[in-house]
Amino acid sequence: MTELLTRPFTPARESEPTGFPFSSVEDRALSAASRAALLLLSARAQIEEASQLLAELAPTAAAAVPGQDGAVSWTTTVLESVESAEVMRNALGAAQMQASVLYRTLRIAEQRAAGMPRHDLGKGVTDELAPARRLSPARAANAIALERVIVESMPRTLALLARGEITQHAADEVAKAVIVLDDGDRARVDEDIAHRLPAVSPRRAGGLARARADELDQQAALARHDRDVASRHVSIRPVSPSLVCVSATLPTAEGVAVFAALDAAASTARAQGAAGTRGQHMADALFSRVTGLHGIEAASIELQLMMTDEALLGDGSETAWIDGRAVPAAIARRLALGGARVGAGTGTGTGTGTGTGTGTGTEHDAQRFIRRLYTDPVTGSLRDLDARRRRFTGRDRRFVELADRTCRTPWCEARIRHIDHVERFADGGATASSNGVGLCEHCNYVRELPGWTTRMVAEEPEGPKVSADHGSGPRRRREVTTPTGRTYMSDPPPLRRVRRPRQTSRTSDTANGPGAGCGPEAGDNADGSGASGACPDPAPGSDAA
């Protein structure tokens, strides 16, 4: 590779064949790709050096007096660093955009050469790019769809991004506006609006592109409308430990009607003297009209609230988890044991056990159940169970869902839809939690494509690996290998804080008696009790995990 990096790159002449079977062209392509990678790595090193220099300036800046010792002049220089960093960010975005589209083109060529059916060409390619870009497969697919528009049919917009004159957000907005056009009309939009893009906001850039696209192709405007309507959906995301945002993307008429109905309900409540703001009444009306209930206490649903036994029954501060989202222990206790605006809940403990709560409520009160689970005292992850069936059901399925919380594909974190055998059942894999992982529907189907392999590893594999580590510990660690040989690791998220061994000397051990300093740090026992640790094994009959 060193020879290729130092060899000058000369583009192929028009008379030369460009297919990869010809070694001279392939050598030139490999040389160019290697030099591009080297240049990006060298840019990274320079950026790290600049970041270190700026960090060293921080103490000086706090004591600087404007107008003295050149403070004003170097303040201006720091502002130039801000501007240069923004230009670099945009330029790197253009390079990544081009590399991603080029990778997709190469992989499709390889799939075609391997005899893959035409309708399957491109499957799994964005899933290979997703972990390299630290994105979920869905986000990677959306990003690459927009990037193909820019790279393949809008050269002027791409050049502006490569020079750092526009942001990637602006380029994305332009791509969204013209994605329904053919390549010729996209090129015309690019030519007509490119000179205006550096002076406008991303939203305005998208508006300019959309207006010109509508002028060029009215049918495309209708197609974009149908495409937008087809993308209607409902999503949920955390806002704070106490709130989530449930948002609905609806066609304009339906969205306006929903808002008007909620606004009318809020006006009625305020007219009747109900306390609260208009926004609170609208939120309450939304819940009531969607569920048919007047409070979460009456909801006949199950909320998987996982917390340690000490956090549930004592004053422990270990973070709890509900549907994969962190919840402070005090709020979790209120949810699990009752209080203002509570819901059905479950508790999970650590060490001796964790419990997951299930709540099924009546119209007047919610019932609360505590289901006990066991965690590894070192890693904080759930221990496994045992079974032998083709499908994951019952306790095994619930165990994997609780242990993994979200899709185990690195950086995906979509909702779990399938429990997958890491070692295929047809190959003798057990239907047991030690061989099962939670995956979203898309990621489960992708692993069936040629070239994808997965396995469970008990220990850290040898050699450099790229890790999407949600926690630590060897249990249920999943290794994913893509068709190009890249390997990624995924660990289940721990349900409790991982123990950190305390460093002690032999003198302190002797002074404090046998076993002193051998256990975990104070307040971080395997059973979460907060007492100082001890080395001897637990007494017979103890249920410490």
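Tutor: We will go from the whole chain to single features. One caution comes first: this is a predicted model.

Student: How many helices and strands are in the chain?

Tutor: The chain has 17 helices and 13 strands. It holds 545 residues, and 36% of them count as buried.

Student: What share of the contacts joins residues 24 or more positions apart?

Tutor: Take the contacts with a separation of 6 or more. Residues 24 or more positions apart account for 56% of them.

Student: And the surface? How much of it belongs to carbon and sulfur atoms?

Tutor: The accessible surface comes to about 31,300 Å². Carbon and sulfur atoms hold 55% of that.

Student: Which residues of H12 are buried?

Tutor: His281, Met282 and Ala285 are. Look down the axis of H12: the buried residues fall within an arc of 100°, so they line one face of the helix.

Student: What covers them?

Tutor: The cover for the buried residues of H12 includes helix H11, residues 252-271.

Student: What comes just after H12?

Tutor: Gly292 does, and it takes a positive phi of about 75°.

Student: Which residues other than glycine have a positive phi?

Tutor: Arg405 is one of them, with phi near 70°. Trp411 also has a positive phi, of about 70°, although it is not a glycine.

Student: Where do I find Arg405 and Trp411?

Tutor: Arg405 is in the loop between helix H15 (394-404) and strand S8 (418-421). Trp411 lies in the loop between H15 and S8 as well.

Student: Is Arg405 buried or exposed?

Tutor: Compare its relative accessibility with the cut-off: under 20% is buried. Arg405 has 10%, so it counts as buried. Trp411 has 22%, so it is partly exposed.

Student: On to charges. How many salt bridges are there?

Tutor: The count comes to 22 salt bridges. To read one, look for a side-chain nitrogen of Lys or Arg within 4 Å of a carboxyl oxygen of Asp or Glu. Arg89 and Glu86 make one, at 3.3 Å from N to O.

Student: Why can residues three places apart in a helix point the same way?

Tutor: An α-helix has 3.6 residues a turn, so residues three or four places apart point the same way. Now the case here. Arg89 and Glu86 are three residues apart in helix H3, so about one helical turn separates them. Arg89 is exposed, with a relative accessible area of 57%. Glu86 is partly exposed, at 31%.

Student: With what does Arg163 form a salt bridge?

Tutor: Its partner is Glu165, and the closest N and O atoms are 2.7 Å apart. Arg163 is partly exposed at 48% relative accessibility, and Glu165 is partly exposed at 38%.

Student: Which residues are linked in a network of salt bridges?

Tutor: Asp420, Arg424, Arg447 and Glu448 are.

Student: Which residues make the nonpolar surface patch?

Tutor: Leu54, Leu57, Val78, Leu79 and Val82 make a patch of about 400 Å². Helix H2 (23-63) and helix H3 (71-113) each supply at least two of its residues. H3 gives the largest share, three residues. Val82 is found in H3, and at 51% relative accessibility it counts as exposed.

Student: One last residue. What is Gln168 in contact with?

Tutor: Set aside its neighbours within four places in sequence. Gln168 then touches Asn90, Gly93, Met97, Glu147 and Leu161. Gln168 sits in helix H7 (residues 168-178) and is partly exposed, at 22%. Compare sequence with space too: Gln168 and Pro202 are 34 residues apart in sequence, and their C-alpha atoms are 8.7 Å apart.

Key: Residues numbered from 1 in each chain as written. Predicted model: local features only at pLDDT ≥ 70, side-chain atom pairs only at ≥ 80, totals over all residues. Heavy atoms only, no water. Buried < 20%, exposed > 50% of the residue type's maximum accessible area, 1.4 Å probe, protein only. Helix = DSSP H or I, 4+ residues; strand = E, 2+ residues; numbered from the N terminus. Arc of directions from axis to C-beta. Contact = heavy atoms within 4.5 Å. Patch = residues over 30% accessible without salt bridge, like charges linked within 9 Å, V, L, I, M, F, W, Y side chains within 5 Å. Areas by Shrake-Rupley, 256 points an atom, 1.4 Å probe, with all protein chains shown as cover.
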